[in-house]
Amino acid sequence: MPAECTTSLLILQDRDMNLQRIERELVELPVERAALRKRIKDLEAQIEAGKQRVREVEVHGKSLETEMAEIEEQVLKYRSQQLLVKKNEEYKALTHEIETAQGKVSDLEGKEIELLYELDDARKTLAKETAEANKHIELEKRSLGRLDEKEVNLNGEIDGAKTALAEVEADMDKQSMSIYRRVSRGLKFPIIVAQKTGTCQACHMKVSAAVEVEVRKGNEITTCDSCGRILYWDA
Ligand SMILES: [Zn+2]
């Protein structure tokens, strides 16, 4: 095709690509935002799960204390009963009950100490995990802020890009533009491609001898036999 046609088609393609990039990035924004929000939610859930683990250990500790208090109360009752009994066997039976109860208390005390260690570990882990998760949440929030800025910028760019495209379209010869539009349907950029050493620089296939000659002559718009893109001569 003629050199000036190549130039205007290349400009058209360039502005087309720019507008499509802006539109594509605008479409991707909500997807990116949703992904960031999901990550923040997951991190918050992770912190909450850590808190829940600590609460469970605390609840377990409380139930142990309640159990011990009940047994100790029972021991006090046994002791006051002992003051009232007259028979030796009854006194002995109560002594046995007291010893059994004291054994239970001592087991529970052992468990309570283990639980205190466990609680200490759980709290330390929670503090560490929370700090780490909060750091990531902060980063994700900053990324969300950057997406907001990006959206403002893209919205600012899009009108200029549309105008620039309309300008080049208005100046272009209608026939080449309609060929360009037809050819570009279903193809990825670039649509206007150099033919070098008889090869299409987009699909890298050798073009037929007839196409090669046509492109070299540069009289009309010629397309690649393989991929259908518009070729221009590049020596
Ligand atoms: Zn090709």
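Modeller: β1 and β4 pair in the parallel sense, over 4 bridges. Strands here are DSSP E runs of at least two residues, helices are H or I runs of at least four, and both are numbered from the N terminus. Two strands pair if DSSP finds at least two bridges between them. In this pairing, I192 stands opposite I230 of β4.

This is a predicted model: local features need pLDDT of at least 70, side-chain atom pairs count only at pLDDT 80 or more, and totals for chains, interfaces and linings use all residues. Residues are numbered from 1 along each chain as its sequence is written.

On to β2. Strand β1 (residues 192-196) runs antiparallel to β2, joined by 2 bridges. K196 has T199 as its bridge partner in β2. The hairpin of β1 and β2 has 2 residues between the strands, and T197 takes a positive phi near 40° there.

Altogether, 4 strands form an open sheet with mixed pairing, in the order β2-β1-β4-β3. β2 (199-200) and β3 (222-223) are at the edges with a single partner strand each, so one side of each has no neighbour in the sheet.

Now the packing. The largest nonpolar core has 17 residues; L9, I192, V193, C200, I230 and L231 touch the most other members. Such a core is a set of buried Ala, Val, Leu, Ile, Met, Phe, Trp, Tyr and Cys residues joined through C-beta atoms within 7 Å. Buried means 20 or more other C-beta atoms within 10 Å of a residue's own, with C-beta atoms placed from the backbone. α1 (3-84), β1 and β4 each give two or more residues to this core.

Technical notes: Buried ≥ 20, exposed ≤ 12 C-beta atoms within 10 Å, placed from the backbone.
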